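Subject: A structure to look through

Dear colleague,

I am handing over the structure below, together with notes on what was found in it. Please keep it open beside this message while you read.

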Amino acid sequence: MPLVSMRQLLDEAARGGYGVGAFNVNNMEQIQAIMEAARETKSPVIVQASRGARSYCQDRFLYHLMLAATELYPEIPTVLHLDHGNSVETCKSAIAMGFTSVMMDGSLMPDGKTPSTFEYNVKATREVVETAHAKGITVEGEIGCLGGIEDGHGAGLDGLSHLTDPEQAVEFVRQTQVDALAIAIGTSHGAYKFTQKPTGETLKMDRLIEIHKRLPNTHLVMHGSSSVPKELQDIINQYGGKLRPTWGVPVEEIQLGIKNGVRKVNVDTDNRLAMTGAIRKVFAEKPEEFDPRSYLKPARDAMKKVVAQRMTQFGQAGHAGDYAPLSLEEMAKRYQGNGKPLAA
Ligand SMILES: [Zn+2]
């Protein structure tokens, strides 16, 4: 099957009461790891690429690898999503290339660093929604600013300085008609999210629950939601790495989010840690090896294991065959009809 709309995946997830992991990719091995994990667990898939990933892969390599994924895994509904589009132009270029979902992150200015105004955010996001929905493409917006910096994107804030205001979130969704909404509840991008296991003071799940109460029909997105497990940190440090002690978002908090409207969960760091740990282990234990496959294969296997675990924990496992994916043309028609393309 061709790449599918993210809106339909998330509508189905809402109907089934589960979340869907969105995993970042930069290369073939990462795409293979995700698709293999999806086949093993029978999960629908969201693969996402940041601007940094698009430039690393020169875009076309990425797109054709994703076409290969749809050919080789025809039973898996697969979305290709743009992570943190910094401008209307970036989103339009992703749509032109064949992405089936885009994030317009208007919470920051196009420099990807400076927090923007609400008015700017609404205007830019609304413009992307108009272009995207006409083609049946899904749009994720963001209100409030996340902490940290990833791939050069982010204001470098701590996670708590620009939390999402629930009232503003309602107004933002009303004015933009986004399909999914990323909210800031204390999480940050990258490995260094929390300096100790997060509490209600640092990870504001109460805020998330309040937003969901006010926007029960909007799919919420948790960014920066790697769990940064100690086992993965330990493997890296055991084989010569130098990670400082750090904590991520515990899986049970993500599961609480999923009970309260979270349908997309962004995970990148955990996969990076798994791959790097596996590569370091081969380098340390078999210094005579020089065939890249000798370390890329274990790296791919390590990422597959983490992805399969998350797919199970988020509840998407077993749901790949629940529904017939709609074409983008059909999605475009539904957006035109009444603005409610709910598959349900
Ligand atoms: Zn993010």
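Along the chain, the donors of the zinc ion follow the spacing H-x104-H-x33-H, where a donor is an N, O or S atom within 2.8 Å of the metal (3.2 Å for Na, K and Ca), and since water is not among the atoms, sites may look incomplete. The protein donors are His84 through NE2, His189 through NE2 and His223 through ND1, lying 2.0 Å from the zinc ion. Helices (H or I, at least four residues) and strands (E, at least two) are DSSP runs, numbered from the N terminus. His189 is buried, with a relative accessible area of 13%, and His223 counts as buried at 1%; buried means under 20% relative accessible area, exposed over 50%, and partly exposed in between, with a 1.4 Å probe and protein chains only.

Before going further, please note that this is a predicted model, in which local features need pLDDT of at least 70 and side-chain atom pairs count only at pLDDT 80 or more, while totals for chains, interfaces and linings use all residues. Residues are numbered from 1 along each chain as its sequence is written, and side-chain values use heavy atoms, with hydrogens and water left out.

As for the fold, 8 strands close into a barrel in the order S1-S2-S3-S4-S5-S6-S7-S8, with parallel pairing; two strands pair if DSSP finds at least two bridges between them. Neighbouring strands of this sheet are turned by 25° against each other on average, direction ignored, where axes are lines fitted to C-alpha atoms, for helices over the stretch in contact, and angles run from 0 to 180 degrees between N-to-C directions. Helix H5 (residues 88-97) packs on the sheet and touches strand S3 (78-85) and strand S4 (101-104), its direction making about 175° with that of S4; contact means heavy atoms within 4.5 Å. Helix H12 (residues 292-314) also packs on the sheet, touching strand S1 (20-24), strand S2 (45-49) and strand S8 (262-267), and its direction makes about 155° with that of S1.

Strand S6 can be followed on both of its sides. S5 (residues 138-143) is joined to S6 by 4 bridges and runs parallel to it, with Gly141 standing opposite Leu181. S6 and S7 are likewise parallel and joined by 4 bridges, and here Ala180 stands opposite His219. In a regular strand the side chains alternate between the two faces of the sheet. In S7, His219 and Val221 point one way, Leu220 and Met222 point the other way, and all are buried.

In H7 (residues 166-176), the buried residues are Pro166, Ala169, Phe172, Val173 and Thr176; they cover an arc of only 115° around the axis, which puts them on the same side of H7, the arc being that of the directions from the helix axis to the C-beta atoms. They pack against helix H6 (118-134), S5, S6 and H8, whereas the face of H7 turned away from them carries the exposed residues Glu167 and Arg174. In H10 (residues 251-259), Val251, Ile254, Gly257 and Ile258 are buried, and they fall within an arc of 110°, so they line one face of the helix. Their cover includes H8, S7, S8 and H12.

Lastly, please look at Lys42, in the loop between helix H2 (28-41) and S2, which has a positive phi near 55° and counts as exposed at 54% relative accessibility.
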